[in-house]
Amino acid sequence: MKKQKARKRASSEARLENAKTFRVPATLTLVNTQYRSMLIQMIEKIKVELLIKRRSVVLDFTSTSKIHVDGMILLFSEVSRLKKFADSPVKIGIKMPKRGKTNQVLRQIGMYQLLGIAGGRMPRDKDVVSWNATSDSTAVGEKFETILQGVKTENEATDGLYISTTESMTNAMNHAYISPRITSDNHGHLHRWWMFSQVRNGELTVVFCDLGIGIPASLREKRPTFIKKLVATAMNEVESCIIESATKPSATRTRLEHRGKGLPEMIKHLDRHKKASLRILSNMGSFYRSAGQTKKRDYNESIGGTLLIWTIQLEKEPS
Amino acid sequence: MTTQISIADDFSRYPVGRYLTDGPYSGERFRDEILVPALKLGQAVVDFDGGRGYGSSFLEEAFGGLVRLKIFPDEDFQERLVLKSSNESLCAEVRSYIDDELVRSK
């Protein structure tokens, strides 16, 4: 059985002759500066290899041992986009992780299926089967139920999540893809959103991702005067200040007063719950809010899109 | 004539989005296909219960759009619009979108 598996793996890699191999970071996350940088740089290099040099690539997960939803969703969404634009016979392959749990996660979120790779370990660990993944190219409310699978006790905070996540879908439709994407691969947008969730240690994490132009770029384009004034006072946190401004009423890209209520609405829902938090990562900016307090910082590299990450403490199930 | 409208039963349990291009159950679609025809006939009683939730984009386009797009530019149509919800703040939110547009239209 082991020899059969090894042969299968070898043949899968052999089909990608002349492919360039990229080692996926040991930890997939966007919050830690070092790992964020490694992930973003790897993605940028893969784009060039695949779409400009038109050469197959292999994602080497053998060293990947820790996967956080934010890092995973960015990688998954970018791979989805690259697969869409890569012309045959250029392909994306995988060198499977050594760690069984990592293998399970990749199968659970659909990475193997996306790349047409058979095999992978059947998810069975509790903290893996609690991962849920969904995606679409329009705003579809029913998809919200996918991310609540495994949540046994809903509460007011999870109810507020429907509004927040569907407003994110609407924002992605209306604002994210309004201008050409500035990217190293000369290809355009994949008009899509992705959403992952995980329940772990009594906490629900939901992350929404689009690969649009980002909140800072969107507001810079449509509200240049307003943003110029804001940036003048922002010191080192330019992009995160722009994100923060988008969470306040009336800072809409369109200058139309009836628009731009989505992010402020999310903050309103969030602030009702002490045990909930929201982190918005958009391009280089990071805005974090919990219990009415905010933290902002800018990173050196842009993620090239927007992630919204909610964490909610779930109520303990009755014994 | 009075038309009873349950958004969850007559439109979708999962309303989302502002424009037709956003998705299949947008505020624009609800307004134009269900709400406006009902208001043109007489009274419309809109029941929000049973819906998964209502984002501002959906509500604002469906109800604020009645005034903004000059479908019902005058205040008197509000007498024919009855809002029902076990969540009172939802009805207040909808009224605020209509009121905001009435103010902007003056």
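1. Chain B and chain A bury about 1900 Å² between them, and carbon and sulfur atoms give 48% of that area. Please keep in mind that this is a predicted model. The contact draws on 23 residues from chain B and 23 residues from chain A.

2. On the polar side of things, 9 residue pairs are in polar contact across the interface of chain B and chain A, both partners being at pLDDT 80 or more. The interface also has 2 salt bridges. Do look at Arg52(B) and Glu145(A), whose side chains form a salt bridge with an N to O distance of 2.8 Å.

3. The most comes from α3(B), with 5 residues. Sorted by class, this side of chain B holds 9 charged, 8 nonpolar and 6 polar residues.

4. The largest nonpolar core contains 51 residues, and Phe61(A), Met72(A), Leu75(A), Ile94(A), Met111(A) and Leu307(A) have the most contacts inside it. Helix α3 of chain A (residues 69-85) contributes the largest share of this core, 9 residues.

5. Leaving aside residues up to four places away in sequence, Met72(A) touches Leu28(A), Ile67(A), Leu106(A), Ile109(A), Met111(A), Trp131(A) and Phe196(A). There is also a second, separate core of 39 residues, with Leu148(A), Ala172(A), Val206(A) and Ile242(A) among them.

Notes: Residues are numbered from 1 along each chain as its sequence is written. Chains are lettered from A and ligands numbered from 1 in the order in which they are written. This is a predicted model: local features need pLDDT of at least 70, side-chain atom pairs count only at pLDDT 80 or more; totals for chains, interfaces and linings use all residues. Side-chain values use heavy atoms; hydrogens and water are left out. A nonpolar core is a set of buried Ala, Val, Leu, Ile, Met, Phe, Trp, Tyr and Cys residues joined through side-chain atoms within 4.5 Å. Buried means under 20% relative accessible area, exposed over 50%, partly exposed in between (1.4 Å probe, protein chains only). Helices (H or I, at least four residues) and strands (E, at least two) are DSSP runs, numbered from the N terminus. Contact means heavy atoms within 4.5 Å. Buried area is the accessible area (1.4 Å probe) that two parts lose on being put together, summed over both. A salt bridge is a side-chain nitrogen of Lys or Arg within 4 Å of a carboxyl oxygen of Asp or Glu. A polar contact is a pair of N or O atoms within 3.5 Å; within protein, one must be able to donate a hydrogen and the other to accept it, and residues adjacent in sequence count only if both atoms are side-chain atoms. Ala, Val, Leu, Ile, Met, Phe, Trp, Tyr, Cys and Pro count as nonpolar, Asp, Glu, Lys and Arg as charged, and the others, Gly among them, as polar.
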